[in-house]
Number of protein chains: 2
Amino acid sequence: MPSRRTDPLTLEVVELIGSVVARYHEEYEDAAASHQLTGAQARVLNLLSLEPMPMRRIAQQLKCEPSNITGIVDRLESRGLVERRPDPADRRVKLAAPTQEGLQTADRLRESLDFAREPLAGLSTAERTVLRDLLKRMLG
Amino acid sequence: MPSRRTDPLTLEVVELIGSVVARYHEEYEDAAASHQLTGAQARVLNLLSLEPMPMRRIAQQLKCEPSNITGIVDRLESRGLVERRPDPADRRVKLAAPTQEGLQTADRLRESLDFAREPLAGLSTAERTVLRDLLKRMLG
DNA sequence: TATTGTTATACTCTATAACTATA
DNA sequence: TATAGTTATAGAGTATAACAATA
């Protein structure tokens, strides 16, 4: 019996996941570019569209250094998509929040991400349920 | 009946795929960094470990501009992991090929990618077969 | 003329370290 | 003294345009 790490089935699944990852990234970058945004800018804008938050927390969510967020938010702010607000509770903190236009852009970004439709459209409800449960266990 | 694009089940699957993508990337970058490579360098080295190829074809595979490959291969070459060879059939072409050390690094890189083991280890053979078939249909 | 690889340029993202203003 | 955000710096990836060698 081949080891679970190197058996053909596991390798095939790993390869397929790699393909899904590549396709997901491609589509995400394309969707961002269609709104004149980089991938990082789109991720930050999407994050803030769910909930305004301190600069530091954006860095934690994106798993990068806080100093990088300064520039990304600078560029979003200079385009009028995001603004910095003071935090009444702590004057050291700056809360980044999307503007009206930023929220609209975030919505359109989500819509143009047809990774939600295209690849899953061919699966029935039952199949998507199975896929959901398998992915949940993979990530568990 | 909610549209297929916005129903809760589809959104949940899309969310899960996003998590898989994030985790895959994190582990890939970590594995690359553990060999003092960037993600892009690791992808090129892995590609060449399967088959030497012209600079231009590397760019096609990575879906980026050929001018970028020059620098990435420069850095791999300066570390002795890759070399440039002339193509006997066309003197314009340079074939990039891994060195012995490059092949060893590519092998160790693959081994340290425990994305193959960790998340799939919890699934039975039958479940991995189902997952494989669903992913194939998603990508088809 | 067309193609291959390279160079030059400019922008973005990234980590590290030092700085400022608050706490 | 510790923390939040910024600045300064350097390295890497990216696209664009122009170039030399070859086809």
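This is a predicted model: local features need pLDDT of at least 70, side-chain atom pairs count only at pLDDT 80 or more; totals for chains, interfaces and linings use all residues.
1. Helices are DSSP runs of at least four residues, numbered from the N terminus. On that basis, H4(B) makes the largest share of the surface near DNA strand D, contributing four residues.

2. Of the atoms of DNA strand D that come within 4 Å of the protein, 67% belong to sugar and phosphate.

3. Several individual approaches to phosphate oxygens of DNA strand D may be examined in the model. For A:Arg56 the atom concerned is a backbone N or O, at 2.6 Å from a phosphate oxygen of DNA strand D. B:Arg91 likewise presents a backbone N or O atom, 2.9 Å from a phosphate oxygen of DNA strand D.

4. Which elements give two or more residues to the surface near DNA strand D? In chain A they are helix H3 (55–62) and helix H4 (66–78), and in chain B they are helix H2 (39–50) and helix H4 (66–78). By residue class, the surface near DNA strand D comprises nine charged, seven nonpolar and six polar residues.

5. Turning to the contact between the protein chains, chain A provides 41 residues and chain B provides 41 residues. The size of an interface is often expressed as the accessible area lost when the parts come together. Between chain A and chain B the buried area is about 4,500 Å², with carbon and sulfur atoms giving 73% of it.

6. How many salt bridges does the rule find across the interface of chain A and chain B? The number is eight. A salt bridge joins the side chains of B:Lys136 and A:Glu12, with an N to O distance of 3.6 Å. Nine residue pairs are counted in polar contact between chain A and chain B, with both residues at pLDDT 80 or more.

7. On the side of chain A that touches chain B, at least two residues each come from helix H1 (8–33), helix H6 (118–121) and helix H7 (125–139) of chain A. H1(A) gives the most to this side, with 15 residues. The residues of the side of chain A that touches chain B divide into 20 nonpolar, 14 charged and seven polar.

Note on methods
Residues are numbered from 1 along each chain as its sequence is written. Chains are lettered from A and ligands numbered from 1 in the order in which they are written. Side-chain values use heavy atoms; hydrogens and water are left out. Contact means heavy atoms within 4.5 Å. Buried area is the accessible area (1.4 Å probe) that two parts lose on being put together, summed over both. A salt bridge is a side-chain nitrogen of Lys or Arg within 4 Å of a carboxyl oxygen of Asp or Glu. A polar contact is a pair of N or O atoms within 3.5 Å; within protein, one must be able to donate a hydrogen and the other to accept it, and residues adjacent in sequence count only if both atoms are side-chain atoms. Ala, Val, Leu, Ile, Met, Phe, Trp, Tyr, Cys and Pro count as nonpolar, Asp, Glu, Lys and Arg as charged, and the others, Gly among them, as polar. A residue is near a molecule or strand if one of its heavy atoms lies within 4 Å of it.
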